[in-house]
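Below is a short briefing on one protein chain. It covers confidence, fold, surface and contacts in turn.

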Amino acid sequence: MSALLSVLNSPVIFMAAAVLALVAAAVAGWLGAHVLRLRAQLAEARQEAEGLAAHRDSVIAELALTRARLVETRQSAGRAQATAAELEARLASNIKIGREFGESRCEAANRVISNALSDRPQ
C-alpha cells in the first residue's frame, strides 16, 4: 500500500494530472464555445423557420383569395356565356332577307319591311 502511495505522490503523476486537467479544461472550453455557436445557429434557424412559416401563410391566404376570384370569374363567364347564347338564339330568329332574282338590296329591304308592317296586328 505504501508503494502505491509513493507512486501517487511522485512528481510524474502530479505533472500528468496537471496536464490532463489543463487538457480537460481546454476541451471543456472548446465544447462550451461550440455549444454557444450551435445555440446561436439554432436561434437563427428558428427565426428563419418563423419567417418561412409567415411567408407560407401569406401565400396560402393569397391562394385562397385567388381561388375565390377564380370562382367568381367562372360564374361571371358562365353568366356571359348564357347571355350570349340567349342573344344568339334571339338573333337567329330574326328575319332573313332573301333577295329575288334581279332585286336590289334596297328593294328587298323595302319589300320585307312592307310585308312586316302589313302583317302586324292593328
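How much accessible surface does the protein chain have, and what share of it belongs to carbon and sulfur atoms? The accessible surface is about 10900 Å², and carbon and sulfur atoms account for 65% of it; areas come from the Shrake-Rupley method with a 1.4 Å probe, and for residues only the protein chains shown count as cover.

The model is predicted: local features need pLDDT of at least 70, side-chain atom pairs count only at pLDDT 80 or more, and totals for chains, interfaces and linings use all residues. Residues are numbered from 1 along each chain as its sequence is written, and side-chain values use heavy atoms, with hydrogens and water left out.

**Confidence**
- Mean pLDDT (the predictor's confidence in each residue, from 0 to 100) is 85 for the protein chain, and 83% of the residues score at least 70.
- Helix 2 (residues 11-92) has the highest mean, 92, and helix 1 (residues 2-8) the lowest, 64.
- Where pLDDT is low, the predicted coordinates should not be read in detail.

**Fold and burial**
- The protein chain has 3 helices and 0 strands, taken as DSSP runs numbered from the N terminus (helices: H or I, at least four residues; strands: E, at least two).
- Of the 122 residues, 2% are buried (under 20% relative accessible area; exposed is over 50%, partly exposed in between, with a 1.4 Å probe and protein chains only).

**Nonpolar patch**
- Met 15, Val 19, Val 23, Val 27, Trp 30 and Leu 31 make up a nonpolar surface patch with about 580 Å² of accessible area together.
- Patch residues have over 30% relative accessible area and no salt bridge; nonpolar side chains (Val, Leu, Ile, Met, Phe, Trp, Tyr) are joined within 5 Å, like charges within 9 Å.
- Val 27 lies in helix 2 and is partly exposed, at 42% relative accessible area.

**Salt bridge**
- The whole structure contains 1 salt bridge (a side-chain nitrogen of Lys or Arg within 4 Å of a carboxyl oxygen of Asp or Glu).
- Arg 56 and Asp 57 form a salt bridge through their side chains, at 3.2 Å from N to O.
- Arg 56 is partly exposed at 48% relative accessibility, and Asp 57 is partly exposed at 41%.
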